[in-house]
Amino acid sequence: MSAHTFQGSSSVSAPRERVWAMLQDPQVLVKVVPGLSDAVTEQGGQMRATLSVSMGPVKGKFKTLVRVLNAQPPEYMELEVEGKTITGTAILHTKMTLTDLGETTRIDWVATPKLSGLLAGVGGKLIESKAKDAGAGQRYADRFFGRLGQEA
């Protein structure tokens with residue numbers, strides 16, 4: 001099992017309540033998360049989706065379940081994204097704090113990925129290399145939150 005932590009801060013040009021609502025909307029997430037499809041919200045606020053990934057040696061379709069572990073709307077969200085494929089499981093534990101700056105929202109985030117199975121052997125090396133690049137997580141987050149801002 002592999003675990004590294006990425007953290008950073010991003011801004012979205014939209015009021016905090018709008019950003020919060022977009023983060024809960026499967027149709028918005030399908031537009032802003034590359035490779036995400038078939039997203040549906042289930043009872044209890046869980047979301048199921050398919051995520052197609054192609055990063056270096058890690059390729060495949062993950063059946064994904066998103067669980068909100070703790071939420072204080074519209075200020076704080078802690079969630080777990082679990083993706084399963086025949087080669088293993090990837091879990092992303094994420095905490096986001098949304099700060100209202102009027103027409104802009106700052107999102108401070110921390111993300112910890114964990115891999116198991118064959119996926120850990122291949123993907124673990126990729127995550128380790130990204131973890132050594134201090135800006136890697138921020139670049140991915142900027143892409144995600146930039147797309148989120150375009151949807152606002």
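This is a predicted model: local features need pLDDT of at least 70, side-chain atom pairs count only at pLDDT 80 or more; totals for chains, interfaces and linings use all residues.
**Exercise 1.** In which sense do β6 and β7 pair, and over how many bridges?

*Solution.* 
Step 1. Locate the strands: β6 covers residues 76-85, and β7 covers residues 88-100.
Step 2. Their pairing is antiparallel and runs over 10 bridges.
Step 3. As an example of residues across from each other, Glu78 stands opposite Lys95 in β7.
Step 4. Two residues lie between β6 and β7, and the two strands form a hairpin.

**Exercise 2.** Which residue in β8 is the bridge partner of Asp100?

*Solution.* 
Step 1. Strand β8 spans residues 105-117 and pairs with β7 in the antiparallel sense, over 13 bridges.
Step 2. The partner of Asp100 in β8 is Thr105.
Step 3. β7 and β8 form a hairpin, with four residues between them. In this turn, Gly102 has a positive phi of about 85°.

**Exercise 3.** Which parts of the chain does the salt bridge of Lys31 with Glu151 link?

*Solution.* 
Step 1. Check the distance: the closest N and O atoms of Lys31 and Glu151 are 3.6 Å apart. The cut-off for a salt bridge is 4 Å, and the pair forms one.
Step 2. Place the residues: Lys31 is in helix α2 (residues 26-32), while Glu151 is in helix α4 (residues 136-151). The pair links distant parts of the chain, 120 residues apart.
Step 3. Classify Lys31. Exposed means over 50% relative accessible area. Lys31 has 56%, so Lys31 is exposed.
Step 4. Classify Glu151. Its relative accessibility is 29%, so Glu151 counts as partly exposed.

**Exercise 4.** Are Glu80 and Arg67 buried or exposed?

*Solution.* 
Step 1. Glu80 and Arg67 form a salt bridge, in which the closest N and O atoms are 2.5 Å apart.
Step 2. Glu80 belongs to strand β6 and Arg67 to strand β5 (residues 58-72); the two are 13 residues apart.
Step 3. Both residues are buried, a term that stands for under 20% relative accessible area.

Conventions:
Residues are numbered from 1 along each chain as its sequence is written. Side-chain values use heavy atoms; hydrogens and water are left out. Two strands pair if DSSP finds at least two bridges between them. A salt bridge is a side-chain nitrogen of Lys or Arg within 4 Å of a carboxyl oxygen of Asp or Glu. Buried means under 20% relative accessible area, exposed over 50%, partly exposed in between (1.4 Å probe, protein chains only).
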